[in-house]
Amino acid sequence: MTEENKNMNFFNRFITSIKDFEKYAIFATEKTRKAIAYLALVILIFSIAIASVFTYKFNISTNNAIDYFKSNISEVSYKDNNLNINSGEELKLINPEEVLPIVIINTNATEEQEQNYQKEINSYKNGILILKDKFIYKNEMLSQNINYEYKDIASIYGISEFEKEDVLTFIANTNNINLYVSFFVVIVIYLFTIYFVSTMADVIMLGILGFIFSRIVGIRLRFKATFNMGVYALTLPILLNMMYIIFNSIIGLEIKYFSWMYTTISYIYMIVAILMIKTDLINRQVELMKIIEEQEKIKKEIEEQQRRKEEEEKREPKDNNEKKEKKKDKKGEEKGKETGLGDSRSCTTRK
């Protein structure tokens, strides 16, 4: 891992993963657990933001429900595990802007009516059906509706019977702050678990895509590297998804095929990042070739200098021998001259 990677904090990673494709090569080399820790923190922030909006809407819905209860519910009684509201009168509350877009109340419903009511709430993302002995909760994130029987709830809290006044007293004595904090914490945990699992599946798919695409373009990236890159490629889609959910919850903004856009952006990030890595490798190879060429030139110059030096070293003994021969010849000549002079002197003496 490079020093640059070690010194990057969460905020730097977040910004870099969105705007700087060249740094994905750094992300590819880090430890996988560090990438997963980054992803977990991003999803935690996402979950907190969404849970805050949901808690705000829950607060509004709760206040509206209390107001509706006080104004429109004239009779409430619970006895022998049976609930009675307005003597079995049918009540429907439909508001697409609420956390529960549809609420149906009928404590005197027949089996046929109950089936029709369930079909009706199933046409909404969320809904609740209140009957005589149970209530049925529908949530788009759950595979099937959940039935809660009053007798089970009553046994847990030790409730045998109550009237409308008891409900109003309970509401008045309830600590709303604790209620909303508990709701917020539950939603954060729920969202974090759901989105972390689903996002990890997206990361694995991106990692596989990157692994295959890297082979296609001629660079052999390991799955670990493409997995890490997949984590950071999902940063912008997660951010956009968070903003979309917030605006959808507050002002009802809807974008068709948003899920396709979410997936497409992450794929584009992965592909562009791999192409940038390939370009960087090509540039490095070009630089390496230039360095090799310079090294070859330097090597040839050194070899040429070495060859010249060896030739000079070979010449030196020969030159020394020639000098010695010349010296010997010169000495011989001088000696010969001296010998000749001595002979002439000898001859003169004899005369």
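**The second largest pocket and beyond**

Guide: Let's start with the helix α11, which gives the second largest pocket 6 residues, the largest share of its lining. Residues are numbered from 1 along each chain as its sequence is written. This is a predicted model, where local features need pLDDT of at least 70, side-chain atom pairs count only at pLDDT 80 or more, and totals for chains, interfaces and linings use all residues, while side-chain values use heavy atoms, with hydrogens and water left out.

A pocket here is an open set of points on a 1 Å grid over the protein atoms alone, where a 1.4 Å probe fits, with protein on both sides within 12 Å along at least five of seven lines; lining residues have an atom within 4 Å of a point. This one holds about 240 Å³ of space, counted as the space filled by probe spheres set on the points. Both α3 (24–29) and α11 (258–350) supply at least two lining residues each. Helices are DSSP runs of H or I with at least four residues, and strands are runs of E with at least two, numbered from the N terminus. Look for F21, E22, A25, A28, T29, L221, M276, I277, T279, D280, L281 and R284 around the pocket. By class, the lining has 7 nonpolar, 2 polar and 3 charged residues (Ala, Val, Leu, Ile, Met, Phe, Trp, Tyr, Cys and Pro are nonpolar, Asp, Glu, Lys and Arg charged, the others, Gly among them, polar).

Now turn to the helices. The axes of α4 (residues 32–72) and α10 (residues 235–251) come within 10 Å and cross at roughly 5 degrees, so α4 is roughly parallel to α10 (under 35 degrees; over 145 is roughly antiparallel, 65 to 115 roughly perpendicular, the rest oblique). Angles run from 0 to 180 degrees between N-to-C directions, with axes fitted to C-alpha atoms, for helices over the stretch in contact. Among the residues of α4 in this contact are Y38, F46 and F54, and α10 brings residues including T235, M242 and I250. Contact means heavy atoms within 4.5 Å. Here 13 of the contact residues are nonpolar, 3 polar and 1 charged.

Helix α10 also packs against α9 (residues 223–233), at an angle of about 30 degrees and with axes 5 Å apart, which means that α9 is roughly parallel to α10 too. V231, Y232 and A233 of α9 meet T235, L236 and P237 of α10, and these divide into 5 nonpolar, 1 polar and no charged.

Finally, find the open sheet of 3 antiparallel strands in the order β2-β1-β8. Because β2 (82–85) and β8 (161–163) stand at the edges with a single partner strand each, one side of each is left without a neighbour in the sheet. Strands count as paired if DSSP finds at least two bridges between them. Strand β1 (residues 76–79) has 4 bridges to β2, where I85 is the partner of V76. Their hairpin has 2 residues between the strands, and D80 takes a positive phi near 55 degrees. Between β1 and β8 there are 3 bridges, and K79 is partnered by E161 in β8. Across β1 and β8 lies helix α7 (residues 164–173), running at about 85 degrees to β8.
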